[in-house]
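Dear colleague,

Please find below the structure that I am handing over to you. My findings follow directly after it.

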Amino acid sequence: IFLCKRVTSILGLCNFYPIHVCLVCAYLIVFKSLIGRLVIGQNGILSTPAVSCIIRKIKAAGGIILTASHSPGGPGGEFGVKFEVANGGPAPDIVSDKIYQISKTLEEYAICPDLRVDLSRLGRQEFDLENKFKPFRVEIVDSVDIYLNLLRNIFDFSAIRNLLTGSNQIKIRIDAMNGVMGPYVRRILCDELGAPANSAINCIPLEDFGGQPPDPNLTYATALLEAMRGGEYGFGAAFDADGDRYMILGQNGFFVNASDSLAIIAAHLSCIPYFCHMGVRGFGRSMPTSTALDKVAKVMKVPVYETPTGWRYFSNLMDSGRCSLCGEESFGTGSDHLREKDGLWAVLVWLSILAARKQSVEEIVRDHWAKFGRHYYCRFDYEALEPRTAYFIMRDLEALITDKSFSHQQFAVGNSIYSVERTDSFEYVDPVDGTVTKRQGLRIIFSNASRLIFRMSASSHVRATLRIYAESYEKDPSQHNKEPQAVLSPLIAIALKISQIHERTGRKGPTVIT
């Protein structure tokens, strides 16, 4: 839903929980203006990147996205409200804080229970809400058109079309995971770029996403993984429910982790007409994301900005012209064409690379490792933890690693010895406005450049998720064929020992490993 500061009123189009109504009302109050026009995607469907795109195109005051994101959906699942500001990006902390403060002062809100809007009919609908500003306008727009036109100006569609339909065409498999991406996959990859209709699976948006979390990883995108392991398809991708995250698989199920994907995209931006025209000014990555991107940036002689997790931190960098490409280890990748993560954009970049390199996904990844070295990387997610337990684990861990006695400590695991070089609680100073963001994760950096990171995030209002990240760098190509879990097992053993997470939670292992 996009909000244009023109005339009057607020219109409720969904059955909100009371807290969500309060937050939406508070958001509108922040605008200090009455709202008289809503722009909504046909059938209520819009991907998060499309929301960002349309906000910027029509110069809306902002937008409201109702989404479960990559969490389970349906009546018993997650439901969230995402606020996008006028640049098409997530609301910065100062706006979110103001929304929260205003939400605590609301005593009532007005609704229009008898008002009916046909979300399937394109065009403008007008209503008399008996106020001094008339009429109240609701505009239903095609969910794909504006976003597709943007992509046409970024990529060489003819090169991608030739990859998918030419004499040496590659067979692809795309899983929309029953989220909003179905219409985009069919319209752009199939209709526009020529991929066969049966290349796309799970393209019907469902309220409960078919009963599975629409999280594009090896744990939940099992239908895609099994199809790719059969060897019939040369390229596979999955999207989360709102289309801002993705996963890439090569033939025989070859998995490309998110940090490698970001670095490989960075190294191949010359394949994209948009960057040939605009140039490359800098890169951004969230702190837990592996340092593979840094190696590429060093060769390209561009700066890298290390930020807390959250796309809002990248928006400031892009608005100031400092950053052209950004990414997170959770498979969020995007560029300054928008102010949001963009899963389909990332997939089109990969298809452009395949078209230019004329190699398989696995060959491209292995060539990248040979040139820049391999960053072995994994993430352990402990989901649905009791928040107090997770909080005290992080509190005690911070006290341990920031104590002077922990500095330069050595850990011996099997034949491996890890010497602590430095530790900290990550703090970010925004180079644009000087804003300081503290306590964004605990870092242990070892003398061999290996890293352990601990970070807690709220997965809902009653449960918490604690994540452990492990990274180990290997330059020797003869050592690039090992299993990540085998290489990283000493680091994981250290993480489990110092955090005592299994003992303190009663868990025997992580919920998800990526």
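Helices are DSSP runs of H or I that hold at least four residues, and they are numbered from the N terminus. Please bear in mind that this is a predicted model.

Under that definition, I begin with helix α12, which covers residues 343–357. At 1.5 Å a residue, its 15 residues should span 21 Å, and because the end C-alpha atoms are 21 Å apart, the expectation and the model agree. The helix is mostly covered, with 13 of its 15 residues buried. At its start, a side-chain oxygen of Asp342 comes to within 3.5 Å of the backbone nitrogen of Leu344. At the other end, α12 is followed by Lys358, which has a positive phi, near 55 degrees.

The buried residues in α14 include Ala390, Ile393, Met394, Leu397, Glu398 and Ile401. Seen down the axis, the buried residues of α14 fall within an arc of 130 degrees, so they line one face of the helix. At the start of α14, a side-chain oxygen of Glu386 reaches to within 2.9 Å of the backbone nitrogen of Arg388.

Strand β9 has pairing partners in β7 and β10. With strand β7 (residues 172–175) it runs parallel, joined by four bridges, and Asp175 stands opposite Ala238 of β9. With strand β10 (residues 246–250) the pairing is antiparallel and extends over five bridges; here Phe235 has Gly250 of β10 as its bridge partner. β9 and β10 form a hairpin with six residues between them, and in the turn Gly243 has a positive phi of about 80 degrees.

Lys59 is not a glycine, yet its phi is positive, at about 55 degrees. This residue is placed in the loop between α2 (48–58) and β3 (62–67). Is Lys59 buried or exposed? Its relative accessibility is 71%, and because a residue over 50% is classed as exposed, Lys59 counts as exposed. Lys301, also a residue other than glycine, has a positive phi near 60 degrees. It is found in the loop between α10 (292–300) and β13 (304–307), and at 77% relative accessibility Lys301 counts as exposed.

Lastly, I draw your attention to Gln125, which lies in strand β5 (residues 123–127). Its relative accessibility is 6%, and therefore Gln125 counts as buried. What does the polar part of the side chain of Gln125 meet? A polar atom of that side chain lies 2.9 Å from the backbone oxygen of Asp118. Leaving aside residues up to four places away in sequence, Gln125 touches Val117, Asp118, Phe136, Arg137, Val138 and Ile140.

With kind regards

Definitions and conventions
Residues are numbered from 1 along each chain as its sequence is written. This is a predicted model: local features need pLDDT of at least 70, side-chain atom pairs count only at pLDDT 80 or more; totals for chains, interfaces and linings use all residues. Side-chain values use heavy atoms; hydrogens and water are left out. Helices (H or I, at least four residues) and strands (E, at least two) are DSSP runs, numbered from the N terminus. The expected span of a helix is 1.5 Å times one less than its number of residues. Buried means under 20% relative accessible area, exposed over 50%, partly exposed in between (1.4 Å probe, protein chains only). A polar contact is a pair of N or O atoms within 3.5 Å; within protein, one must be able to donate a hydrogen and the other to accept it, and residues adjacent in sequence count only if both atoms are side-chain atoms. Two strands pair if DSSP finds at least two bridges between them. The arc is that of the directions from the helix axis to the C-beta atoms. Contact means heavy atoms within 4.5 Å.
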